[in-house]
Amino acid sequence: MNGASVDSSLSSSSNLAPFIGRDQSNLVLLDRENPPTYKAWCSKEHQPILTVNLEKYINPVAVSYHYTGFERDDVTRTFDVKACLDYYCNKTKPLVHGCEYKTSDDSEQLCTIKPNDLGKIGKVQFHFHQKTCVSLVRVYEELKEEVTTIDSKNLEDAKICSSLTYNYHHNYFMYNMNHKNCTVLFSKQCCTECPECCDDCLIVDINIETVIHAIIWFFGTLFVFFSVIGIFYICWAKARYDP
């Protein structure tokens, strides 16, 4: 998945995100050979929504939908795709309207995106017209040059930014405990993905390292204090009782 993820908090309820149990919604982004139908993302809501955080900000040129179990006739094959202009998708713009899965051989169905002036986006929503099951969705960008190697540093930076973004909006305690500070946020270019993180960034940040240092400093100070008291007491006792 290379850093992409499903935002379950902005997606419809599904079999992969049970009320009790592990959220496996990201399976819908995993390119699997012959994925089992029982591990597809299925929602019984009337007009389900699947929200996806992209690996990075891109200019999308196409989207795709793939389902391997169309012996079921009760699932829709038609959907729209919208670009999220903010993290919570309160503002959206249409990318694709009425994309329909028409293939009969379980192959991937591509729908192209018309050129637009939206700029780069980092989150999209698939709006299905009725209840549905999805084995795989993809969002494509146009490559400007041939990619021969994977830049592991940029990939790791993207994963760190995605984790910080998720924790900032969904688990602020863990966000505070993450290894981060302004230097991390800016050097890894996390501000594009999470401008709120950078807006709230403090020169002296709270993270797990500062907490550990504070604990060490506190107990170290106590140790020194009681050591000094102990030395004074020993000296006082010795001077008092020695003839």
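Start by selecting H127 and showing whatever surrounds it. Leaving aside residues up to four places away in sequence, H127 touches P48, I49, F79, D80 and K82. Keep in mind that you're looking at a predicted model.

Now colour by secondary structure. H127 sits in strand β8, which covers residues 121-128. Is H127 buried or exposed? Its relative accessible area is 17%, and buried means under 20%, so H127 counts as buried. Next, show the side chain of Q125: a polar contact of 3.1 Å links it to the side chain of H127.

Move on to F126. Again not counting residues up to four places away in sequence, its contacts include P48, I49, F79 and D80, and also L50, V52 and V63.

Which residues have the most contacts inside the largest nonpolar core? They are L50 and F126, in a core of 32 residues. To see where this core comes from, highlight β2 (41-43), β3 (49-58), β4 (60-66), β5 (78-84), β6 (92-100), β8 and β9 (132-134): each of them supplies at least two of its residues. In soluble globular proteins, nonpolar side chains tend to be buried together.

Then select Y175, C182, C198 and C201. These belong to a second, separate core, which has 11 residues.

Finally, zoom out to the whole chain. The chain has 243 residues, and 38% of them count as buried.

Terms used. Residues numbered from 1 in each chain as written. Predicted model: local features only at pLDDT ≥ 70, side-chain atom pairs only at ≥ 80, totals over all residues. Heavy atoms only, no water. Buried < 20%, exposed > 50% of the residue type's maximum accessible area, 1.4 Å probe, protein only. Helix = DSSP H or I, 4+ residues; strand = E, 2+ residues; numbered from the N terminus. Polar contact = N/O pair within 3.5 Å; in protein donor to acceptor, adjacent residues only side chain to side chain. Contact = heavy atoms within 4.5 Å. Core = buried A, V, L, I, M, F, W, Y, C linked by side-chain atoms within 4.5 Å.
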